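I opened my notebook to work through this model from the whole chains down to single residues. Here is what I looked up, entry by entry.

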Amino acid sequence: MKDRPIITSVEITEFTVPLPDLGKDLTGFNLAYSPGETTLTRRFALQIHTDLGITGEFFDGVGESFSQIALVAPYLPGKDALQREPIYNDLKRALRKSDRTALGPIDIALWDIAGQFYNAPIYELLGGVNRPLPCYASTYHGDRNGGLDSPAAYADFAVHCRDMGYPAFKIHTWGDPIIEEEIATVAAVRAAVSDAMDLMSDPACEYNTFADTVKVGRALDDADYFWYEDPFKDGGVSAHAHRKLRELIRTPLLQGEHVRGLEQHVDLILAEATDFVRVDAYLDGGLTGAMKIAHAAEGMGLDVEIHGPGPAHRHLMTAIRNTNYYELGLVHPKATAHYGYAYQDYTEDLDAIDQNGCVFAPTGPGIGVRLDWDYIRSRDPVTQVFEA
Amino acid sequence: MQSDRVLHPKRCAIRIETDQGITGECVGPLVVAARQVDLLAAHLLGADPLAREPLYHAMRLSLAQHDGTGVGLVDIALWDLAGKFYDAPIYDLLGGRHRPLKAYASTYPGDRAGGGLHTPQAFGEFAIQCRDLGYQGFKIHSWVDDVDIAEEVATVLAVREAAGPDMDLMIDPAGVYRTFADMLRVGRALDDANYCWYEDPYRDLGGATASHQKLRQLIRTPLLRSDFVRGVEAQVEIMRSGSTDFGRADAYHDGGITGALKIARAAEGFGLDVELHSCNPAHRHLMTALRNTNYYEMNLVHPTGDSSAFNHYLGDYRDTLDAIDANGCVFAPEGPGLGVEIDWEYIDAHRTDGKVFEQ
């Protein structure tokens, strides 16, 4: 058999990506439409180099994850890059006092190495078959700047997405929510698309009270929404509150975006705090961790819904039976999407779908897409290298 | 064991051939699984053999009214094929690190023949023999036909007495005990003798969750259920009920390496260990790739050295009493796929039935 890939070094590159026509909303934490403004955002790329000349890449993630990667990177040189499971377990323990999000980028880069080593796309190593992945258009947050600034604006955008082929549409509403406006938006979007789309609502924990959460929940019931996600300011972590909510409304809940790790997700399910299981390979231990969650959900007869786009998530979804939609976004009627800028020939923009509203996993080896290093080098990069 | 008789247990073997000349194969313990392949062949002919996940689901659906064990046989052969396609042992594809797998000696059921496992003392002596061979764990399968609870208790105590305090001991009455009171009585003895687990004691055969929740409250020896329910969903229900302390999985019974891996991952999510049932190359690969597991079951073994496992591989691979190293461990084969070569000559010479499905 072939020589095994041994990790020689780990390289973290931080760079700047400009996001045209986007600014911060009222609270300063959500990206929202702001014509003429450009927001500079720091993005990250991870490379894991091996002695065979194979380099595993990861792009995306947040600074918090990457600061953890810097903490554990010295562990990796000398390790066998195919031994993902012990690496997952070692790093999980090493980072036990933090959120362990460093696991995601590292594990995905290791899967990229494995795929290149076996000359196979990751979904194939996971036993999956390339297939269309139905998408929902997942909107930017609401603004007050002439973009998604009213119930009617959301409704118009939903119709636009439906006409493009999207089978589903998810609302992220305002950072300064007015409950009457939230309810009006829920109803307006349903009225605009009739029964032609599955609709979801993700207030991203903006609602201040449980009572507001129930009130919008009733509107979702009336409008037959597909799921209701992380509605209020418990921060998406109270099992008790969401079990209560579950008893009060009939729209399925999707909780877990703010709960990290396999065991925690299982506990959330056991507490009956969610009807769908949220998983994010970038945040929940990479493809290794996300597959564990998908398998546990399968054992409980539940679906997993993958949070956010990206090539790793396309591979993951391709290999899973018990899942419904690919989250394409964030998208907007006027601002361009902020994903995909660092890959060659790959986007997660509004028009990335085919006429049936689907995307596909890349079919090349590993993650199947390569980073555009000419672009990254032109974007004010700062690099850290960890060697043996 | 009756020394004047020779049994001829049936095994089944499967070979999946592809247009590229790569073949996936495995030998299984359940002939009923081979019969089910009749219903599965239609999914396989013309299919991409690397598409294990959709095949797993399609095959399970085809066998929805049956126990689905045919899926295991096919899936393991597909993993063997994938490993050969990628030129990699299966544990590598699963992200595992080659490592020693601690084995326990899992005995034949008790007998009345004399010279076998016919008394508590005989079990005790066999435990010593196994300990001296290097085994760190020993599991009693006691008497099946004529179980005597006082003798069961005596055996539990005699084996602990003989093996000393350091050997991990387990008992698997294999669903023989007739009453809850009997199960509890033996459970108390296991508590006293500090056993590692108590496995499927009761005649419910895996169905009675409530009684095992009760048992769990009444004894402190960990419970291991269940060899008798099939598939990830059913195993999860048992874990979720709190009526088992270990997860149980068998690639042959539970949908192959694909299905057993799902159970292992679900168990991990519950914070539980998963113990693999029985010995074979597939389980060595699977166990190599798992963190949350303790022992490789070397079964069924006997003081005479007999083993119930299929041991007709070319080369060094075998699952026998003496297959362990000095530390009581075995290893996964390191070749592509399952990494073993089946002795087809032996199988062809002992063939009782067979079928070929072609496009």
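**Entry 1: domains of chain A.** The contact takes 44 residues from domain 1 of chain A and 35 residues from domain 2 of chain A. Two residues are in contact if their C-beta atoms, placed from the backbone, lie within 7 Å.

Which elements of domain 1 of chain A supply at least two residues each to the side that touches domain 2 of chain A? I noted β1 (7-24), β2 (31-50), α2 (84-94), α3 (103-118) and α12 (373-377) of chain A. The largest share, 10 residues, comes from α3(A). By class, I found 24 nonpolar, 8 polar and 12 charged residues on that side of domain 1 of chain A. For the classes, Ala, Val, Leu, Ile, Met, Phe, Trp, Tyr, Cys and Pro count as nonpolar, Asp, Glu, Lys and Arg as charged, and the others, Gly among them, as polar. Helices (H or I, at least four residues) and strands (E, at least two) are DSSP runs, numbered from the N terminus.

**Entry 2: ground rules.** This is a predicted model, in which local features need pLDDT of at least 70, side-chain atom pairs count only at pLDDT 80 or more, and totals for chains, interfaces and linings use all residues. Residues are numbered from 1 along each chain as its sequence is written, while chains are lettered from A and ligands numbered from 1 in the order in which they are written.

**Entry 3: chain A as a whole.** I looked up 12 helices and 13 strands for chain A. Its radius of gyration is 20 Å, close to the 21 Å that the globule rule gives for 388 residues, so chain A is as compact as a globular protein of that length. The radius is taken over C-alpha atoms, and the rule is 2.2 Å times the number of residues to the power 0.38. Along the principal axes, the C-alpha atoms of chain A fill a box of roughly 60 × 45 × 40 Å.

Of the 388 residues of chain A, 56% count as buried. A residue is buried if 20 or more other C-beta atoms lie within 10 Å of its own, exposed if 12 or fewer, and partly exposed in between, with C-beta atoms placed from the backbone. I also checked contacts in chain A between residues at least 6 apart in sequence, and 73% of them join residues at least 24 apart.

**Entry 4: a sheet in chain A.** In what order do the 4 strands of this open sheet run? I wrote down β3-β2-β1-β13 (chain A), with antiparallel pairing. Two strands pair if DSSP finds at least two bridges between them. The edge strands, β3 (55-59) and β13 (382-387) of chain A, each pair on one side only. From one strand to the next, the twist averages 15 degrees. Axes are lines fitted to C-alpha atoms, for helices over the stretch in contact, and angles run from 0 to 180 degrees between N-to-C directions.

β1(A) and β2(A) pair over 16 bridges in the antiparallel sense. I picked A:P20, whose bridge partner in β2(A) is A:T38. Helix α1 (residues 63-72) of chain A packs on the sheet and touches β1, β2 and β13 of chain A, and its direction makes about 20 degrees with that of β2(A). α3(A) lies across β2 and β3 of chain A, running at about 140 degrees to β3(A).

**Entry 5: one leucine.** I found A:L71 in helix α1 of chain A. A:L71 is partly exposed, with 14 other C-beta atoms within 10 Å. The C-alpha atoms of A:L71 and A:L95 are separated by 9.1 Å, and the two residues are 24 apart along the chain.

**Entry 6: chain B against chain A.** I looked up the contact between the chains, where 33 residues of chain B meet 33 residues of chain A. α10(B) gives the largest share of chain B's side, 7 residues.
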